Amino acid sequence: MPRTRASALFRQTFGGPPEVVAAAPGRVNLIGEHVDYAEGFVLPIAIERSTAVAIRRAPAGAPSRAVSEVTGEESFDLPTARGPLPSRSWANYVLGPMRELIDGGQARACNVDVAVASDVPLGGGVSSSAALEVAAALAYRELAGGTSDRLAIARLCQRAEHRYAGTPCGIMDMTVSACATLGHALLIDCRSLALRHVRLPASAIVLVFDSGVRHRLSDGGYASRRDAVERAADALGVGTLRDASPDAVARARDDGRLDADAAAKARHVTTEIARTIAAADALDAGDLAAFGRLMYESHASLRDDFRVSIGELDALVEAAADAPGVYGARMTGGGFGGSAIALVDRERADAAQAFIGDAFRRRFGRQPATFATAAAGGATVAPYVHG
Ligand code: ADP
Ligand code: MG
């Protein structure tokens, strides 16, 4: 358990118990990809893997110290820190949310000792960054006395990721990590931030396959897609593509306002928003077959229109389509690497997982890292119980 491991690492590093331990899950997005920054809808679940942050006030006069099981120790002065630590340090994901709480007047400034443990894969497209940020924010808020609600935590973690990690991410990852409820996917309206908790039938489970190809949102592919989406909205005369329909995109292509490439990108966004709403309704109706079809359509749109898939992700989705008990599959996350998911009948999940893994290995000569997850609950925080 990350919680237990974070507490153990804390004792080992700092020679005493933490005061507070928070844990926040990673996520996979079931459908609604590359639409958050167009103010569309997304439908993620929190996964049964989380990052735990154990924390206490630092001894008087001492700076903040942060350790993680997977990285070296970092030190900083939280009360006087202004902006990110140099060299893209991992500790920016801890420092950033804490500084945002302080700068927003939601927590007092003090130095802290922090230990981090996680079973969320890093850089695998399941948002280890949001898990760390949300856990760090909740732990520090509990320690330093703030009162912000869960959505406010999500928003300030997004700001922290922009300002301290330099990643122009949307609001989805932090929102689902902070706000999910057990057994439910979370439909997020990225315009209003209205949330709808949609039950995921217990008969279905999500398989996650890591393509093994690492992406960085800050590397340009993501930013160029965002630019394209914004330019398409301008050409269509709307504030965001949320206010455009697939028909309006087709007309704009026909009369030359959008070139073929821009039209394809805008078609992805507008059809994906419609698919995501339809998918939430299908889940509400318990129609997993309809949900699965929408997942395949989403993948095809990301591959052909939005052009963010890669061969490894396509191969995982193709294998899933032939595997036993699979309702649907698609790439998930920003693309250019990361993971693919399959929604599968729980009884046949083991067989499907082996089938898809074997197909991938035959093609790429290595076994993909994989895990199964149901829809988990959101982040938790509690005083550390001595023991
Ligand atoms: P993703 O969010 O898809 O996993 P990102 O590149 O956004 O990938 O975030 C990964 C980065 O977050 C890591 O490189 C590291 O700096 C930081 N990080 C996440 N989890 C941890 C952890 N448990 N310990 C230390 N750093 C972490
Ligand atoms: Mg991330």
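**Helices and a sheet: a quick chat**

Colleague: How do α6 and α8 lie to each other, roughly parallel or roughly perpendicular?
Modeller: α6 and α8 are roughly perpendicular to each other. Keep in mind that this is a predicted model.

Colleague: At what angle do helix α6 and helix α8 pack?
Modeller: At about 90°. That is for α6, residues 221–236, against α8, residues 260–284. Their axes are 9 Å apart.

Colleague: Which residues in α6 and α8 meet?
Modeller: From α6, take Arg-225, Ala-228, Val-229 and Ala-232. They meet Ala-262, Lys-265, Ala-266 and Val-269 in α8. By class, this contact of α6 with α8 has six nonpolar residues, two charged ones and no polar ones.

Colleague: Another pair, then. How far apart are the axes of α3 and α5?
Modeller: The axes of α3 and α5 are 9 Å apart. Helix α3 covers residues 128–144, and helix α5 covers 172–179. They pack at an angle of about 55°. Angles between 35 and 65 degrees count as oblique, so α3 and α5 are oblique to each other.

Colleague: Is the crossing of α3 and α5 left-handed or right-handed?
Modeller: The crossing of α3 and α5 is right-handed.

Colleague: And which residues of α3 and α5 meet there?
Modeller: Ala-130, Ala-131, Glu-133 and Val-134 are the ones in α3. On the α5 side you find Asp-173, Met-174, Ser-177 and Ala-178. The classes in the contact of α3 with α5 are five nonpolar, one polar and two charged residues.

Colleague: On to the sheet. What order do the four strands have?
Modeller: The order is β9-β10-β8-β11. The sheet is open, and its pairing is antiparallel.

Colleague: Which are the edge strands?
Modeller: β9, residues 326–332, and β11, residues 370–373. Each of these pairs on one side only. Neighbouring strands of the sheet are turned by 20° against each other on average, direction ignored.

Colleague: How many bridges join β9 to β10?
Modeller: Six bridges, with β9 and β10 running antiparallel. For example, Gly-328 has Leu-343 in β10 as its bridge partner.

Colleague: What about β8 and β10, how many bridges there?
Modeller: Seven, again in the antiparallel sense. Look for Phe-209, which stands opposite Ala-340 in β10. β8 and β11 also pair antiparallel, over four bridges. There, Val-206 stands opposite Thr-373 in β11.

Colleague: How many residues of β8 are buried?
Modeller: Seven of its seven, so β8 is mostly covered, where buried means under 20% relative accessible area. Ala-204, Val-206, Val-208 and Asp-210 point one way from β8. Ile-205, Leu-207 and Phe-209 point the other way.

Colleague: Which strands does helix α10 lie across?
Modeller: Helix α10, residues 311–322, lies across β8, β9 and β10. It runs at about 175° to β9.

Colleague: And helix α11, which strands does that one lie across?
Modeller: Helix α11, residues 349–364, lies across β8, β9, β10 and β11. It runs at about 20° to β8.

Colleague: One more. Where is Asp-345 placed?
Modeller: Asp-345 is in strand β10.

Colleague: Is Asp-345 buried or exposed?
Modeller: Buried. Its relative accessible area is 14%, and buried means under 20%, so Asp-345 counts as buried.

Colleague: What does Asp-345 touch?
Modeller: Asp-345 touches Ser-203, Gly-325 and Tyr-327. That leaves out residues up to four places away in sequence.

Key
Residues are numbered from 1 along each chain as its sequence is written. Chains are lettered from A and ligands numbered from 1 in the order in which they are written. This is a predicted model: local features need pLDDT of at least 70, side-chain atom pairs count only at pLDDT 80 or more; totals for chains, interfaces and linings use all residues. Side-chain values use heavy atoms; hydrogens and water are left out. Axes are lines fitted to C-alpha atoms, for helices over the stretch in contact, and angles run from 0 to 180 degrees between N-to-C directions. Helices (H or I, at least four residues) and strands (E, at least two) are DSSP runs, numbered from the N terminus. Angles under 35 degrees count as roughly parallel, over 145 as roughly antiparallel, 65 to 115 as roughly perpendicular and the rest as oblique. A crossing is left-handed if the near helix is turned anticlockwise from the far one by less than a right angle, and right-handed if clockwise. Contact means heavy atoms within 4.5 Å. Ala, Val, Leu, Ile, Met, Phe, Trp, Tyr, Cys and Pro count as nonpolar, Asp, Glu, Lys and Arg as charged, and the others, Gly among them, as polar. Two strands pair if DSSP finds at least two bridges between them. Buried means under 20% relative accessible area, exposed over 50%, partly exposed in between (1.4 Å probe, protein chains only).
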